[in-house]
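Work through the exercises below with the model open. Each task is followed by a stepwise solution.

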Amino acid sequence: MKLTNMFFKTFRENPANAEINSHKLLVRAGFIKQMGNGIFMYLPMGLRVLEKLKKIIREEMNRAGAIELQMPILLPQEVYANRLNTFGNTMYKLKDSTGKDFCLGPTHEEPFTYLVKENIKSYKQLPVTLYQIQNKYRDEIRARFGLQRAKEFIMKDAYSFDTSYEGLDVSFDKMKDAYNAVFKRLGFDFVAVEADNGVMGGSGSTEFMVKADIGEDEIIVCDCGYGANTEKAECNFIPVDNSNVTRNKMEMVKTPSVKTIEELVEFLNLKSENFVKAVVYSTDKGVVLALCRGDREIEEVKLQNTVGAINIEMATAEQIESIGSVAGFVGAVGLKNVTVVADNDIKNMVNFVIGANKTDYHYINANLEDIHVDIFADIKSARAGDVCPRCGGIVKTVRGIEVGHIFKLGTRYTEALDCKYLDENGKEQYMIMGCYGIGVSRTLSALVEQNCDDKGMCLPECVAPYKLDIVIANKKDETQNALANEIYSKVIGSDDEVLLDDRNESFGVKLKDAELIGVPYILIVGKGAQDGKVELIERKSGNRTEMTVEEFIKNYK
């Protein structure tokens with residue numbers, strides 16, 4: 001493609017609302033243009049990268065035996081009847097001219113399940129895995145970071161249907177291998193980690209995280225290969241024998257205007273691990289009081305899963321009063337109408353400090369027998385320095401961008417939608433489902449985050465908009481023009497992977513643009529053209545090599 005024929009424009013200044021490199025560079029390079037908060041158009045250069053990314057995903061999905069189709073974006077709301085409340089305000093809802101309720105698909109478990117229900121009746125037709133690459137819509141309240149968190153985004157979603165959980169394990173592993181292959185082909189530094197199922201439900205899930213400082217997710221990893229999102233990361237509980245420790249008598253002490261752990265540490269001159277932190281939540285399962293050691297934090301997703309709640313939020317002052325306590329001084333002593341969940345660490349604590357449910361008062365020397373706990377569970381957030389639950393080593397934390405997530409759904413959707421098959425004995429059974437998603441547009445953003453420098457993008461050859469950019473240093477020089485066009489005609493081939501910058505711009509502008517758009521190789525046709533010589537720049541390393549035109553054409557692939 002000759003750049004004079006391309007719909008193309010670059011920008012030297014970063015967009016005002018861009019916070020991360022990928023957002024800045026994709027806009028500046030003319031790959032995307034923002035149309036509204038969380039809404040983007042893909043311009044020709046960006047679309048080429050996007051299509052190459054899709055091609056890689058398709059190849060690996062097809063290799064794994066998945067079959068592609070296309071679902072509608074506009075769907076009747078009744079399709080999602082079983083979980084409309086779960087989506088809440090994130091679902092785009094609208095009415096047609098007859099008043100019928102429709103929505104823009106945020107995810108497609110139900111449509112795929114309906115399709116399979118109508119078309120597959122026998123165990124002989126299973127297993128099957130279907131997929132699509134399509135736009136999704138969610139009204140993200142915090143749309144930000146460009147393509148990282150958008151209201152309209154592109155996703156590859158696949159759904160497997162099996163006759164057994166053993167079959168689901170096989171389908172799940174095939175998709176896991178396919179995802180690993182995709183992200184390896186893209187050259188990512190990534191990690192597959194255990195994750196929480198969230199609103200998707202099911203029995204297990206794995207996230208694929210691209211390591212990046214700007215990642216919204218914190219990941220717990222160990223050298224042994226263990227990895228988990230902090231929402232899922234297990235915290236080892238190692239019981240301590242405190243049988244020989246003297247239990248003091250619990251005593252109420254005045255702590256005027258002292259509410260936080262930090263304030264209590266200073267006021268009572270004790271270490272934070274001697275305190276029990278108490279946090280009250282409002283859930284659809286009722287009011288819940290969560291307890292953890294004073295130097296740790298409650299992981300709300302773990303707590304939510306422990307009590308089986310769908311919604312969870314901080315309790316109001318009125319709700320705290322309704323259980324017999326007061327904000328800032330809550331303790332698990334003498335409360336009513338509340339479920340108390342304590343982290344396992346509390347079992348090891350003796351003579352600790354806890355709120356007295358009375359303004360300006362705490363209990364000191366409290367022990368397990370003094371408090372009420374309904375459930376002991378792992379509900380604290382994992383952190384660097386914890387013991388690995390797999391090998392006993394020490395874990396560390398990294399930040400990551402979630403680019404893929406695969407789930408074992410089981411029968412959650414097939415039971416709800418009555419999706420059955422006839423087994424070998426002619427008996428109806430529910431199909432066993434898996435769900436597998438890749439955020440395609442987010443993956444494009446993550447590629448830029450891991451492949452950029454102060455000059456622009458350094459994209460892998462497999463997804464770069466073009467493999468080679470031939471830059472004519474001086475458009476007015478007839479020798480340079482002729483030589484550049486000769487090289488272009490000999491190497492362009494049928495795949496159109498060569499860009500010829502034949503614009504009437506200065507050499508500096510052309511070189512900056514070539515570096516910005518991330519092509520792997522830049523060929524400078526400049527003063528050396530008189531002697532039949534050119535200069536090849538490898539974008540990522542910056543290495544420059546002078547060679548004859550014949551040498552370049554011979555070695556170009």
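**Helix packing exercises**

**Exercise 1.** In this predicted model, find which residues of helix H4 (residues 109-119) are buried, and name the elements they pack against.

*Solution.* Start with burial. Glu109, Glu110, Pro111, Phe112, Thr113 and Val116 of H4 are buried.

**Exercise 2.** Decide how helix H2 (residues 44-63) runs relative to helix H5 (residues 165-185).

*Solution.* Take the geometry first. H2 and H5 pack at an angle of about 150 degrees, and their axes lie 9 Å apart. Angles over 145 degrees count as roughly antiparallel, so H2 is roughly antiparallel to H5. The crossing of H2 past H5 is right-handed.

**Exercise 3.** Which residues form the contact between H2 and H5, and how do they divide by class?

*Solution.* From H2 come Ile56, Ile57, Glu59, Glu60, Met61 and Arg63. They meet Met175, Ala178, Tyr179, Ala181, Val182 and Arg185 of H5. By class, this contact has 8 nonpolar, no polar and 4 charged residues.

**Exercise 4.** Is Asn180 buried or exposed? Which residues does Asn180 touch?

*Solution.* Locate Asn180 in helix H5. The relative accessibility of Asn180 is 18%. Buried means under 20%, so Asn180 counts as buried. Leaving out residues up to four places away in sequence, Asn180 touches Phe190 and Phe208.

Notes
Residues numbered from 1 in each chain as written. Predicted model: local features only at pLDDT ≥ 70, side-chain atom pairs only at ≥ 80, totals over all residues. Heavy atoms only, no water. Axes fitted to C-alpha atoms, helices over the stretch in contact; angles between N-to-C directions. Helix = DSSP H or I, 4+ residues; strand = E, 2+ residues; numbered from the N terminus. Parallel < 35°, antiparallel > 145°, perpendicular 65-115°, else oblique. Left-handed = near helix turned anticlockwise from the far one by under 90°. Contact = heavy atoms within 4.5 Å. Nonpolar A, V, L, I, M, F, W, Y, C, P; charged D, E, K, R; others polar. Buried < 20%, exposed > 50% of the residue type's maximum accessible area, 1.4 Å probe, protein only.
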